[in-house]
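Colleague: Please show me the model, and then take my questions one at a time.

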Amino acid sequence: MASCQLTNPVLVTDGKYTFTLDAVQELAQLMGGANAAGNHNPRFVRAGAMTACANLSLPADFKPVCQAQDWTTLTRLAFVGANPYECEICTFVACTGC
């Protein structure tokens with residue numbers, strides 16, 4: 001008996017950008033995890049996003065966001081990535097594919 005399991009990745013959408021949850025989790029780690037994602041100080045947010053954008057480990061999917069210097073979007077995505085369990089059960093409106 002053959003078995004086939006199809007799995008679709010959970011996608012996170014913010015405005016015109018769409019990323020896999022795995023990529024968003026990598027972004028959150030690069031931005032300092034849950035501590036950085038929960039910080040709302042504009043200087044800290046910008047510094048964390050700029051540091052993530054300069055990191056060679058950043059998934060290529062985020063390059064357009066970095067080039068646009070959209071620090072707010074990166075911070076929102078990092079928050080989702082730092083709280084992936086809520087995204088996996090689709091409590092975040094930005095998440096699809098559950």
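Modeller: Helices (H or I, at least four residues) and strands (E, at least two) are DSSP runs, numbered from the N terminus. This is a predicted model, in which local features need pLDDT of at least 70 and side-chain atom pairs count only at pLDDT 80 or more, while totals for chains, interfaces and linings use all residues. Residues are numbered from 1 along each chain as its sequence is written, and side-chain values use heavy atoms, with hydrogens and water left out.

Colleague: In what order do the elements of the protein chain run from the N terminus on?

Modeller: The protein chain has six helices and three strands. Read from the N terminus, their order is β-β-α-α-α-α-α-α-β.

Colleague: What percentage of the residues of the protein chain count as buried?

Modeller: Buried means under 20% relative accessible area, exposed over 50%, and partly exposed in between, with a 1.4 Å probe and protein chains only. Applied to the 98 residues of the protein chain, the buried share is 37%.

Colleague: How many bridges pair β1 and β2?

Modeller: Two strands pair if DSSP finds at least two bridges between them. Thr 13 has Thr 18 of β2 as its bridge partner. In the hairpin, two residues lie between the strands, and Gly 15 takes a positive phi near 65 degrees. The pairing of β1 and β2 is antiparallel, and the number of bridges is four.

Colleague: Which residue meets Arg 76 in a salt bridge, side chain to side chain?

Modeller: A salt bridge is a side-chain nitrogen of Lys or Arg within 4 Å of a carboxyl oxygen of Asp or Glu, and the count by this rule is one. The N to O distance in the salt bridge of Arg 76 and Asp 14 is 2.7 Å; the pair links helix α5 (residues 71–82) to strand β1 (residues 11–14), 62 residues apart.

Colleague: Which cysteine does the disulfide join to Cys 53?

Modeller: The structure holds one disulfide, meaning a pair of cysteine sulfur atoms within 2.5 Å. The S to S distance between Cys 53 and Cys 66 is 1.9 Å, and the pair links helix α3 (residues 42–54) to helix α4 (residues 63–67), 13 residues apart. Cys 53 is buried at 16% relative accessible area, and Cys 66 is buried at 12%. The residue joined to Cys 53 is Cys 66.

Colleague: How many residues has the largest nonpolar core?

Modeller: A nonpolar core is a set of buried Ala, Val, Leu, Ile, Met, Phe, Trp, Tyr and Cys residues joined through side-chain atoms within 4.5 Å. Phe 19, Val 24 and Leu 74 are among those with the most contacts inside the largest one. The core has 22 residues.

Colleague: What is the separation of the C-alpha atoms of Val 80 and Leu 27?

Modeller: Val 80 is found in helix α5 and is buried, at 7% relative accessibility. Val 80 and Leu 27 are 53 residues apart along the chain, and their C-alpha atoms are separated by 9.8 Å.
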